[in-house]
Amino acid sequence: MAANYNSGINEMLVNLFNHVMDVESEAVITEEYKDITNNDMHIIEAVGIEEPRKVSEIAKRLGVTVGTLTINMNSLEKKGYVVRTRSEEDKRVVYITLTERGRKAFFHHRDFHLNMIRTAVKDLDDDEKRILYRCLQKLDAFFVKDKDSIKTFK
């Protein structure tokens, strides 16, 4: 019986991931944002709307190298979504801030996610929402904790 659940859970997780990515791409990359990718939107989300963030902090949040992120930042800066500034105290430290255009993209992306969640849980009662939340927390903790063993299929 557990094997049936495992197979079903695997299929469901793969399908959910693919559906979210497909729907998100269609909903978020509109005519106004056709000059960036869904990945760029996630970078904009990681930059956030609070105080400026260090490139290294953004890279860590996204699980990428600073070098990889720098390539994306070059593009986003050229397109007017982000601004880079060097630290006055340490010139090696670079901060990223969203421009007004970047902030608009941030809210556009955030609103998609808020609507997606609102729609996904609208027919769940409070107990079901609590259980779903706990299950998702456990899944997230598993993927964070066991990321390396999952990659190498140990």
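Start by selecting Lys 104, which is partly exposed, with a relative accessible area of 47%. Here, buried means under 20% relative accessible area, exposed means over 50%, and partly exposed lies in between, calculated with a 1.4 Å probe on protein chains only. The model is predicted: local features need pLDDT of at least 70, side-chain atom pairs count only at pLDDT 80 or more, and totals for chains, interfaces and linings use all residues. Residues are numbered from 1 along each chain as its sequence is written, and side-chain values use heavy atoms, with hydrogens and water left out.

**Stop 1**

A salt bridge is a side-chain nitrogen of Lys or Arg within 4 Å of a carboxyl oxygen of Asp or Glu. Helices (H or I, at least four residues) and strands (E, at least two) are DSSP runs, numbered from the N terminus. Glu 32 is partly exposed, at 41% relative accessible area.

**Stop 2: two other salt bridges**

A search of the whole structure finds nine salt bridges. Select Asp 90 and Arg 92, whose side chains form one of them at 2.9 Å, N to O. Asp 90 counts as partly exposed at 23% relative accessibility, whereas Arg 92 is exposed at 72%.

Next, select Arg 110 and Asp 111. Their side chains meet in a salt bridge of 2.8 Å, N to O. Arg 110 is partly exposed, with a relative accessible area of 36%, and Asp 111 is partly exposed at 34%.

**Stop 3: helix α3**

Now select residues 55-62, which make up helix α3. Which residues of this helix are buried? They are Val 55, Ile 58 and Ala 59. Looking down the axis of α3, these buried residues fall within an arc of 100 degrees, so they line one face of the helix. The arc is that of the directions from the helix axis to the C-beta atoms. An α-helix has 3.6 residues a turn, so residues three or four places apart point the same way.

Show α2, β1 (53-54), α4 (66-78) and β3 (94-98) as well: the buried residues of α3 pack against these elements, where contact means heavy atoms within 4.5 Å. On the other side of α3, Lys 60 and Arg 61 are exposed.

Finish at Gly 63, which follows α3 and has a positive phi, near 70 degrees.
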